[in-house]
Amino acid sequence: CLPMKPLSRPELFDFEGVSMVHYFTDNWEKVKNFQARPDDILIATYPKAGTTWVSYILDLLYFPIYMRVPFLESCFNLIPSGTELADNLPTSPRLIKTHLPVQLVPKSFWEQNSKIVYVARNAKDNAVSYFHFDRMNMVQPEPGDWNTFLQKFMEGKNVFGPWYDHVSGWWEKKQTYSNLLYMFYEDLVEDTGRELEHLCSFLGLSTPVQEREKITKGVQFDAMKQNKMTNYSTIPVMDFKISPFMRKGKVGDWKNHFTVAQNEQFDEVYKQKMKNTTVKFRTEI
Ligand code: A3P
């Protein structure tokens, strides 16, 4: 991470076959050799699928609010890199987040058999959310207008590569790696309490019902939007005048963005790109 380089919108480039920006590859040697521990919990997602939501839920299950969840591959000069933060986390388990596609995850996580919570969100809402995020986040590439962004999304020209490969790659991994819980954003919106119960049983936590109910309430969209610890309002690279980080938190907001023609084109591309995977999404609930 170059200490004096000013933060600016980066260019996409090919990195081991995945579109990336330098903020997530500058620290690559350390990311690659990052030492996972058997009790680590890795939160893995495609950007904008509900990372913050599930990080916060896990945080509330394990730690007081002031403990952080480092972003493993991040390397901004404003704060210590993800690997540095993770290396210095005093907690056990450590909560670490990543947007890396499955093939780029440091191998020690597999060697250590760490628990992994993957969150996936339907492609249409994920694309809309990613578009607004790229508009307001000055360390993401310039998204252009909605149609330009959507075309790029279908081509997989986003930071962290194609959504299609990400969700299906992690889905395949789940078939052979049993310490992976694959969650859906839509299920979380539909019934947060039920999903929290699944999460607790995956983690082997016997969190009492009362505590779980408190957490379920505390992680609802409005509560997290008001909370400075979770709404990202303290991060200087984000321009909330353009769009807030906690934007809508809905399933089906894509209907307010896609034209009929865009929707037809998207469905066609989707069918093609997802023909070899069994993972199924809901675009409304
Ligand atoms: P929208 O832009 O559709 O509102 P990530 O944390 O992976 O970047 O994902 C951000 C998306 O998750 C945003 O989606 C954000 O509003 C949504 N989100 C965060 N917390 C949420 C919650 N408690 N309930 C519903 N959606 C939430």
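Visitor: Which residues point one way from β3, and which the other way?

Guide: I41, I43 and T45 point one way from β3, while L42 and A44 point the other way. Please note that this is a predicted model, in which local features need pLDDT of at least 70, side-chain atom pairs count only at pLDDT 80 or more, and totals for chains, interfaces and linings use all residues. Residues are numbered from 1 along each chain as its sequence is written, and side-chain values use heavy atoms, with hydrogens and water left out.

Visitor: What joins β3 to β5?

Guide: Strand β5 (residues 115-120) pairs with β3 in the parallel sense over 5 bridges. Here L42 stands opposite I116.

Visitor: Why is the contact of R194 with E195 called a salt bridge?

Guide: A salt bridge is a side-chain nitrogen of Lys or Arg within 4 Å of a carboxyl oxygen of Asp or Glu. The closest N and O atoms of R194 and E195 are 2.9 Å apart, so the pair meets the definition.

Visitor: Why is R194 called partly exposed, and E195 buried?

Guide: R194 has 29% relative accessibility, which places this residue in the partly exposed range. E195 has 6%, and therefore counts as buried.

Visitor: How do you know that R212 and E197 form a salt bridge?

Guide: Their side chains meet at 4.0 Å, N to O. This pair links distant parts of the chain, with R212 in helix α10 (residues 209-218) and E197 in helix α9 (residues 192-203), 15 residues apart. R212 counts as buried because its relative accessibility is 17%, whereas E197, at 45%, counts as partly exposed.

Visitor: What makes D253 and R247 buried?

Guide: D253 has a relative accessible area of 5%, and is therefore buried. R247, at 19% relative accessibility, also counts as buried.

Methods
Buried means under 20% relative accessible area, exposed over 50%, partly exposed in between (1.4 Å probe, protein chains only). Helices (H or I, at least four residues) and strands (E, at least two) are DSSP runs, numbered from the N terminus. Two strands pair if DSSP finds at least two bridges between them.
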